[in-house]
Amino acid sequence: MVSGNMTQREIAKEIDVAPETISRWKRTDEFIDTYNSAVRQNIQDAASDALRTMVSLLKARSELVRFNAAKDILDRAGFKPEDNINLTGSGTVVIIDDCDQ
């Protein structure tokens, strides 16, 4: 089920149970925990390949692809830019009207 290569009916036939049994199992906490653990393991197994792909995209021909790869790597490494700029301070703001010059 985690790999997505077999249908629920095919799995039931393979392990010689009724498809309804699989449906009941899928609603149990034990199944859900085991399934989620297997999904996390699959993601961890693919992570190094995914990172190598992102790093290789830093050398892509497309400037947009290079930009997106760099941004994604930096974002995931914790270097996201601040959404808000803190403008508090103790200085005086001087506005110069230079439209008449």
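Tutor: Let us begin with Leu58, which is found in the loop between α3 and α4. Please keep in mind that this is a predicted model.

Student: Is Leu58 buried, exposed or partly exposed?

Tutor: Leu58 has a relative accessible area of 35%. Because buried means under 20% and exposed means over 50%, Leu58 counts as partly exposed.

Student: Which residues form a nonpolar patch on the surface with Leu58?

Tutor: Leu51 and Val55 form that patch together with Leu58. The accessible area of the three together is about 240 Å².

Student: Where is Val55 placed, and what is its relative accessible area?

Tutor: Val55 has its place in helix α3. Its relative accessible area is 41%, so Val55 is partly exposed.

Student: And what separates the C-alpha atoms of Val55 and Gln41?

Tutor: A distance of 22 Å separates those two C-alpha atoms, and the residues are 14 apart along the chain.

Student: Let me change topic to the overall fold. How many helices and strands are there in the chain?

Tutor: The chain has four helices and zero strands. In sequence order, the pattern reads α-α-α-α. The radius of gyration is 26 Å, well over the 13 Å that the globule rule gives for 101 residues, so the chain is more spread out than a compact globule.

Student: What does the C-alpha trace span along its principal axes?

Tutor: The C-alpha trace spans about 90 × 35 × 25 Å along those axes.

Student: What percentage of the residues count as buried?

Tutor: Of the 101 residues in the chain, 7% count as buried. The accessible surface of the chain comes to about 9300 Å², and carbon and sulfur atoms hold 54% of that surface.

Student: And the contacts: what share comes from residues 24 or more positions apart?

Tutor: Such pairs account for 17% of the contacts in the chain with a separation of 6 or more.

Student: On to charges. How many salt bridges does a search of the whole structure find?

Tutor: The search finds three salt bridges. As background, side chains of opposite charge can pair when their charged atoms come close.

Student: Which residue forms a salt bridge with Arg52?

Tutor: The partner of Arg52 is Asp49, and their closest N and O atoms are 2.3 Å apart. Both residues lie in helix α3, which covers residues 29-57, and they are three residues apart, about one turn of the helix. With 42% relative accessibility, Asp49 counts as partly exposed.

Student: Which residue does Asp75 pair with in a salt bridge?

Tutor: Asp75 forms a salt bridge with Lys71, with the closest N and O atoms 2.7 Å apart. A polar contact of 2.7 Å also joins the side chains of Asp75 and Lys71.

Student: Why are Asp75 and Lys71 separated by about one helical turn?

Tutor: They are separated by about one helical turn because they are four residues apart in helix α4, which covers residues 63-76.

Student: Leaving aside neighbours within four places in sequence, what is Asp75 in contact with?

Tutor: With those neighbours set aside, Asp75 is in contact with Lys80 and Pro81.

Student: Which residue's side chain meets that of Asp72 in a salt bridge?

Tutor: The side chain of Asp72 meets that of Arg76, with an N to O distance of 2.8 Å. Asp72 and Arg76 are four residues apart in helix α4, so about one helical turn separates them. Asp72 is partly exposed at a relative accessible area of 23%, whereas Arg76 counts as exposed at 69% relative accessibility.

Student: One last topic, the backbone. What is the phi of Asp16?

Tutor: The phi of Asp16 is near 60 degrees, a positive value in a residue other than glycine. Most residues other than glycine have a negative phi.

Student: Where is Asp16 placed, and is Asp16 buried or exposed?

Tutor: Asp16 has its place in the loop between α1 (8-14) and α2 (19-26). Its relative accessible area is 69%, so Asp16 is exposed.

Notes. Residues are numbered from 1 along each chain as its sequence is written. This is a predicted model: local features need pLDDT of at least 70, side-chain atom pairs count only at pLDDT 80 or more; totals for chains, interfaces and linings use all residues. Side-chain values use heavy atoms; hydrogens and water are left out. A salt bridge is a side-chain nitrogen of Lys or Arg within 4 Å of a carboxyl oxygen of Asp or Glu. Helices (H or I, at least four residues) and strands (E, at least two) are DSSP runs, numbered from the N terminus. Buried means under 20% relative accessible area, exposed over 50%, partly exposed in between (1.4 Å probe, protein chains only). Patches are made of residues with over 30% relative accessible area and no salt bridge: like charges are joined within 9 Å, nonpolar side chains (Val, Leu, Ile, Met, Phe, Trp, Tyr) within 5 Å. Accessible areas come from the Shrake-Rupley method with a 1.4 Å probe; for residues, only the protein chains shown count as cover. The radius of gyration is taken over C-alpha atoms; the globule rule is 2.2 Å times the number of residues to the power 0.38. Contact means heavy atoms within 4.5 Å. A polar contact is a pair of N or O atoms within 3.5 Å; within protein, one must be able to donate a hydrogen and the other to accept it, and residues adjacent in sequence count only if both atoms are side-chain atoms.
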